[in-house]
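Hi everyone, thanks for making time for this. Please have a look at the sequence and the structure while I talk you through them.

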Amino acid sequence: MQLSLKVQGEGSEYLSRLLAKNPNNIYDRDEKGNRVRLVFASSNENEAEAHIFVTPDPIELVRNSPSHYDITQYINDREFVVSSLFCSYIRSALGTALNGKPKEEFISWVDHKFDMKLGFGPVATDYSNQMIKNLFEPLGYSVEIEELVSNYEFEMNQTKPARYIHLNGYMTVQYALRHLFVIIPVLDNFKHYFIDEREIEKLNNYGEGWLENHPLKDHIVERSLRFKDVIKKVNVPTVVVKEKKEGVQFETPKVRLNELRYDAITDKVKHLKSKERIVDLGSGEGKLSVRLATLHGIKEILAVEPSETAQLRALQRFEKIDKDRSFVIPTPVLGSLFYYDERLRGKDVMILCEVIEHIDEFRLPSIMKNIFREYQPSTLVITTPNRDYNTVYDIKEAIRHKDHRFEWSRKEFNQWCENWSEEYPYSLQIEGIGDEHKEHGFPTQMCTFTRKEEGIK
């Protein structure tokens, strides 16, 4: 994976300032377990050229995959091609340029158009060469496409060859990078993450000032977001939604579904009579734990997470609220649902927020027995995706995220909850979170198990 950026003429020496990188040093960082390097081939008043390379870890690319036992998961192009993965890896390195916020004395160069050459690849795309040109030429670039054809002696399936794309034009550094950050994922048409409202924000930010005038605007938006209901929320003027013939006036993007989950769980806990001691099982980076820490009357939060990387990020998050003595500071616990931990027994509230779907379905009974029989929380809150709602997102795959082992319909989730309520002394309440669809319900389903008085030991 690589990207080259070369500018010539007036102000070339300021490319390093716009990128916030010292041209005499090699930028070498670890980004999500992958190596990102940026080097300058030249930097003077007449010419500056920077190259950024990403060397992914092929093991990390498939870690936690549902097919972790299948060696064929390693046979893919993800570690080689420029894609949404590449953009996510280099975003931190190029953040200053993308946001147009160099040091104050160089602000004026943000809007300066350079004689620029861009090159990136290899790209694996289902587009024709002409379609690639149709994406970039309206932005003011001339486009050259270099096809990489391997000279194999044996027959291969007829797939499109990998290609390098070379762009030439007069462009500001900020706009050039924003063009790439929007169009590269469109070219690749592969997303390594679940597409939610964050994609709207990204598209609005990086598409501002150019996307609304692009002749393929509707295609770019639809291929970027894929899901019809999400497309309707994009704040790009006059994007035409398929179901409507006329242009639409878009509303401000709604709150992210993840935030709605945290809000719903926090509100649920807030109104419980007993909530002093909380266990956040599968707490991840600690976002929910921090939200719960703001509630009045909380005395203890155990943030249980098996990933050391996530725990380190959670610790950083907890340190930020440590100065406010009105909050209880969550306690990180390195642990797993699969192993009994005496410290988790007899708490007021236990929470599994978007956790169970990441576990093989056949392993759930032993976990639930451990919770109901051994831990015996006064209240257990579980949230999980509603598979029925996937139709609204126009998801053609069986599940929303490749790391989900399963996703239940409303009927399946209700039955599962009722079975546990019948076996153990807990009443239950099932609710929905997010925008309700008349036919398909809510995107997230939540069950609250409340321990009955006669079941308390």
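A quick word on the ground rules. This is a predicted model, where local features need pLDDT of at least 70 and side-chain atom pairs count only at pLDDT 80 or more, while totals for chains, interfaces and linings use all residues. Residues are numbered from 1 along each chain as its sequence is written, and side-chain values use heavy atoms, with hydrogens and water left out.

So, the overall picture. The protein chain has 14 helices and 14 strands; these are DSSP runs, numbered from the N terminus, with helices being H or I of at least four residues and strands being E of at least two. The chain has 457 residues, and 48% of them count as buried. Buried means under 20% relative accessible area, exposed means over 50%, and partly exposed is in between, using a 1.4 Å probe and protein chains only. Now think about contacts, meaning heavy atoms within 4.5 Å. Among contacts in the protein chain with a separation of 6 or more, 70% are between residues 24 or more positions apart.

Next, the inside. In soluble globular proteins, nonpolar side chains tend to be buried together. A nonpolar core here is a set of buried Ala, Val, Leu, Ile, Met, Phe, Trp, Tyr and Cys residues joined through side-chain atoms within 4.5 Å. Which residues touch the most other members of the largest core? They are Leu94, Phe120, Phe136, Val173 and Leu187, out of 58 residues. Helix 6, residues 173–188, gives the most to this core, with 10 residues. There is also a second, separate core of 30 residues, which includes Leu337, Met350, Phe413 and Tyr426.

Is Ile265 buried or exposed? Ile265 counts as buried, because its relative accessibility is 0%. Leaving out residues up to four places away in sequence, Ile265 touches Leu288, Ile351, Cys353, Val381, Thr383 and Met446. Take Thr383: it is 118 residues from Ile265 in sequence, but the two C-alpha atoms are 8.9 Å apart in space.

On to the cysteines. A disulfide is a pair of cysteine sulfur atoms within 2.5 Å, and by this rule the count is 0.

Finally, salt bridges: a side-chain nitrogen of Lys or Arg within 4 Å of a carboxyl oxygen of Asp or Glu. How many does a search of the whole structure find? It finds 16. In one of them, Lys6 meets Glu47 at 3.5 Å, N to O. That pair links strand 1 (residues 2–8) with strand 4 (residues 47–55), and its two residues are 41 residues apart.

Arg387 forms a salt bridge with Glu412, with the closest N and O atoms 3.0 Å apart. Arg387 lies in the loop between strand 12 (379–385) and helix 14 (410–423), and Glu412 in helix 14, so the pair ties together parts that are 25 residues apart in sequence. Arg410 forms a salt bridge with Asp388, at 2.8 Å between the closest N and O atoms. This pair, too, links helix 14, which holds Arg410, with the loop between strand 12 and helix 14, which holds Asp388.
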